[in-house]
Amino acid sequence: MAATPDAIYAEFRALDAKSKALFLDLRDLPPHVPAAVWKPFFKRTFGVFTRLWKFQQLNRVTLEREDGGGTGLKRHEVGETASKIGQLYYNLRSSETGYLLESYTFFEAIWDRGYFNGVMETRVSAVAAKCLRYYARFMIVCLLLGRWDRVQVLTVEIKRYVDTYTAELDPSDVHGWLQVVKEMLIFVKTASGSATDLISPPKPTDSLRLPARPPSDPSAAPRGSLRAAVICGCWTAQPKFADLSIDMFRMMQLLERDPRKIPGDSFDDPDVPVKVPLFQPSASSIVLHLATSQKDLSASQHMLFYFSGSGSPSPTFSSGRPGSQPSLLDLAQLGVDTKPRATSARSRRSAVFDSDDSDGGTMEVAGAKALPPPPDPEEGARFHLTDLMAFMRKPLVAIIDSPGAHAFKRIPQLYSAPFLFMLAPQHTPPLLDERLRQRNCGSLLTLFLAQPLRTVADLLCGGSSGNGGEPATDAAMAEASTSLAQWEADLGMALQSSAETPESIATMLLDDHLRRLIVRFVIARITFSHSAMIIKTTEVPSFHPDLSDALWAELQETSLAHFTKVLEHLGGQSHFR
């Protein structure tokens with residue numbers, strides 16, 4: 001017996017209300033909850049949305065009726081349901097690539113079927129805003145998946161819709177959406193590496209992801225040792241889109257493989273770590289997510305901590321004397337800043353302690369020691385060395401792309417677990433710093449790890465070759481890319497086979513993601529060391545603990561021929577020693 005229209009209306013309203021309630025509950029879950037909590041919640045929510053989606057498909061004609069108690073279902077309301085299903089996957093993009101692919105499928109279906117076409121004609125700001133939010137989410141998914149054909153079209157569509165939205169509907173959030181468009185255009189241009197205002201897809205040589213594993217037997221693929229990554233972006237002036245800075249975007253891409261859907265019910269890629277992106281977090285938030293991410297890791301699994309933000313290249317210690325050694329208090333307060341400081345707290349403290357009439361860095365008044373300096377209101381924004389030490393009980397790899405990164409060299413080997421820090425240069429040469437600012441292309445070390453050829457050609461060579469001052473051709477870049485790939489392969493083999501390589505690093509090299517990061521960091525150090533514009537050791541990235549001199553000599557010898565070939569293809573020999 002067929003259901004009556006009233007029964008159909010009632011069931012649809014019940015499913016719709018239940019799906020919205022579950023969606024809000026899932027969205028409001030704290031981002032640090034473990035998978036054991038959110039996965040069952042997600043499956044339940046997705047199950048209700050799937051039932052709602054199929055129900056409206058089967059009863060579309062009845063539901064679209066506006067007479068006799070019908071719901072008057074509109075196409076944009078159907079699109080909203082599909083958008084929320086896509087958003088469920090999108091909200092889990094930091095965990096598994098397969099979910100991102102499913103998100104793309106639903107967002108693309110909304111696009112292809114035109115569910116939001118004509119929403120501006122409704123003259124209802126709330127409905128039009130839902131359309132804009134859908135486009136913004138679809139843009140981020142396309143960027144993360146590298147679907148640059150869609151990115152090019154979406155860039156034009158979003159700008160057109162926002163122009164119409166702000167001009168004709170006069171909404172209260174007009175300035176917010178205009179800012180979104182501005183940030184989007186800058187971010188897409190930077191991410192694509194476009195040298196003009198026209199958005200062009202990145203060249204094949206600019207691919208950030210690892211290639212996909214052969215699809216023959218994905219279950220047999222070895223599980224990488226890098227299982228979790230906490231990715232923090234704290235610069236305020238970098239290109240960004242939504243809560244994703246350009247540095248965060250590049251690092252997340254470096255920890256991906258070219259996406260493919262895995263057969264079966266599971267979307268879990270055994271070789272991709274769970275990523276937790278944090279945009280301008282507080283120090284306490286970083287500690288919280290580090291603890292949550294490391295909680296379920298075994299003694300053989302690695303966690304990656306990536307930090308991009310400000311920090312003092314030359315901290316002042318409380319002794320106030322040049323060349324003095326830091327005290328235990330100073331060591332505890334070294335670190336990097338999660339937000340820029342107008343006036344350094346250490347500078348303010350130094351003004352108290354830098355008195356010539358003090359005999360040991362403290363002042364005495366009437367035979368008593370002076371009161372300690374007042375609390376620093378910005379202290380909560382500083383991520384200290386001691387904040388990270390607690391997470392060195394298990395294998396840890398850290399990439400600190402900050403002027404204050406060198407402070408982390410003072411972290412001792414506290415526990416038996418292996419650790420490796422890859423630290424940005426303490427200083428940047430003035431000419432190179434000017435080029436970075438002009439191009440607004442993000443942090444130097446992160447850019448090199450993601451796109452070493454682009455960094456060498458555009459920044460270290462100034463964007464021109466040594467032959468007539470013209471940029472390297474696409475053919476030359478392709479040849480340089482081939483030489484670089486061989487360089488990376490040979491360096492990886494040299495590191496793996498050398499008797500000088502520490503056992504901890506040899507273990508890290510077994511993971512494809514860590515192997516590429518470590519090898520490219522070695523290439524960065526060698527490249528910077530030979531750059532004509534870099535003359536100080538503080539302008540070169542460094543490991544902590546550092547590799548032995550004997551191992552560096554082996555790596556230099558392995559690299560010489562490859563480095564020469566890359567520079568010959570780029571025509572950049574004159575820019576290097």
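**Close-ups of a predicted model**

**Figure 1. The whole chain, and how far apart its touching residues sit in sequence.** Take the contacts in the chain between residues at least 6 apart in sequence: 74% of them join residues at least 24 apart. Keep in mind that this is a predicted model. The chain has 20 helices and 12 strands. It runs to 577 residues, and 52% of them count as buried.

**Figure 2. A look into the largest nonpolar core.** This core is made up of 160 residues, and F305 and F421 are the ones that touch the most other members. Zoom in on F421 and, leaving aside residues up to four places away in sequence, you'll find it touching L388, M392, L396, A398, F408, I411, S542, F543 and H544.

**Figure 3. R150 meets D112.** Their side chains form a salt bridge, 3.3 Å from N to O. R150 belongs to helix α7 (residues 148-168) and D112 to helix α5 (residues 97-113), so the pair links distant parts of the chain, 38 residues apart. Are the two partners buried or exposed? R150 counts as buried because its relative accessibility is 14%, while D112 is exposed at a relative accessible area of 52%.

**Figure 4. E183 pairs up with K240.** Here the closest N and O atoms of the salt bridge are 3.2 Å apart. This is another link between distant parts of the chain: E183 sits in helix α8 (residues 174-192), K240 in strand β2 (residues 240-241), and 57 residues separate them. E183 is buried, with a relative accessible area of 17%. K240 has 21% and is partly exposed; the cut-off for buried is under 20%.

**Figure 5. A loop tied to a helix through D546 and R525.** The salt bridge between D546 and R525 has its closest N and O atoms 3.6 Å apart. D546 lies in the loop between β12 (542-544) and α20 (549-570), and R525 is in helix α19 (residues 512-530), so the pair ties together parts that are 21 residues apart in sequence. D546 is partly exposed, at 41% relative accessible area.

**Figure 6. Three charged residues in one network.** E80, K84 and K130 are linked by salt bridges into a network. In general, side chains of opposite charge can pair when their charged atoms come close. The structure holds 15 salt bridges.

Key
Residues numbered from 1 in each chain as written. Predicted model: local features only at pLDDT ≥ 70, side-chain atom pairs only at ≥ 80, totals over all residues. Heavy atoms only, no water. Helix = DSSP H or I, 4+ residues; strand = E, 2+ residues; numbered from the N terminus. Buried < 20%, exposed > 50% of the residue type's maximum accessible area, 1.4 Å probe, protein only. Contact = heavy atoms within 4.5 Å. Core = buried A, V, L, I, M, F, W, Y, C linked by side-chain atoms within 4.5 Å. Salt bridge = Lys/Arg side-chain N within 4 Å of Asp/Glu carboxyl O.
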